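Hi there,

Here is the structure I promised to pass on to you. Have a look at it first, and then read my notes below.

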Amino acid sequence: MNQERSLEAQREEFKQRRLLATPLSGLIAWSVIAACSLFLEPVPLSLVTFIATGSIVYIALFLSKLTGENMLDKSKPKNTFDRLFMLTILMSVSVYAIAIPFFLEDYTSLPLTIGVLTGLMWIPISWIIQHWIGITHGVLRTILVVAAWYALPEHRFLAVSLVIVALYAFAITVLELRWRRLKQVSS
């Protein structure tokens, strides 16, 4: 933990970030799943889902260089909220312990479990940045993923993926507008 700066100062620093790399990465991963659901059989589609969602953090690390966030920049001072964010990622990855047994019983449960459970990491982000987008994304994602999963049983991978992609597009837009407003205020 950083002794030099207060938690509030670290929070303010974290709030100033663009926060696009991870949602852009999620949008890419779920778009790949949606596209693959149009032509792949269940086993390869399930593998794509595991690989794509498991790759989100790595894609985000790459994208962070393009968005100016540079998550691997060691020259930045340590921030307690970076650690909290990383713990939310660990929490999301841990949910595979729920997703895998259900997947083994019914492969179509995979987009439901991964879609809902990994969406939960958005809720603490709302608290960190003191903005409504995380709660909105997390709650809408839960409700709409479950609804899509039940409404379109023959197209669960596609329906759930499209819901998540749409929610990511909305969240990315909101986060970018938020960041631009922050930049205008600080200029």
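Four residues, R5, E13, R17 and D82, are linked in a network of salt bridges. Please keep in mind that this is a predicted model.

The side chains of R17 and D82 meet in a salt bridge, with 2.2 Å from N to O. R17 sits in the loop between α1 and α2, while D82 belongs to helix α5 (residues 80-94), so this pair ties together parts that are 65 residues apart in sequence. R17 also forms a salt bridge with E13, where the closest N and O atoms are 3.9 Å apart.

Are these residues buried or exposed? R17 has a relative accessible area of 18%, and because buried means under 20%, R17 counts as buried. D82 is partly exposed at 25%, and E13 is partly exposed at 26%.

Another salt bridge joins E12 and K15, whose closest N and O atoms are 3.1 Å apart. Both residues lie in helix α1 (residues 7-15), three residues apart, which is about one turn of the helix. An α-helix has 3.6 residues a turn, so residues three or four places apart point the same way. E12 is partly exposed, with 31% relative accessibility, whereas K15 is buried at 14%.

How many salt bridges does a search of the whole structure find? The search finds six.

Finally, take a look at helix α7 (residues 109-119). This helix is mostly covered, with 11 of its 11 residues buried. Among them are L110, P111, I114 and V116.

Enjoy exploring!

Best wishes

How values were computed
Residues numbered from 1 in each chain as written. Predicted model: local features only at pLDDT ≥ 70, side-chain atom pairs only at ≥ 80, totals over all residues. Heavy atoms only, no water. Buried < 20%, exposed > 50% of the residue type's maximum accessible area, 1.4 Å probe, protein only. Helix = DSSP H or I, 4+ residues; strand = E, 2+ residues; numbered from the N terminus.
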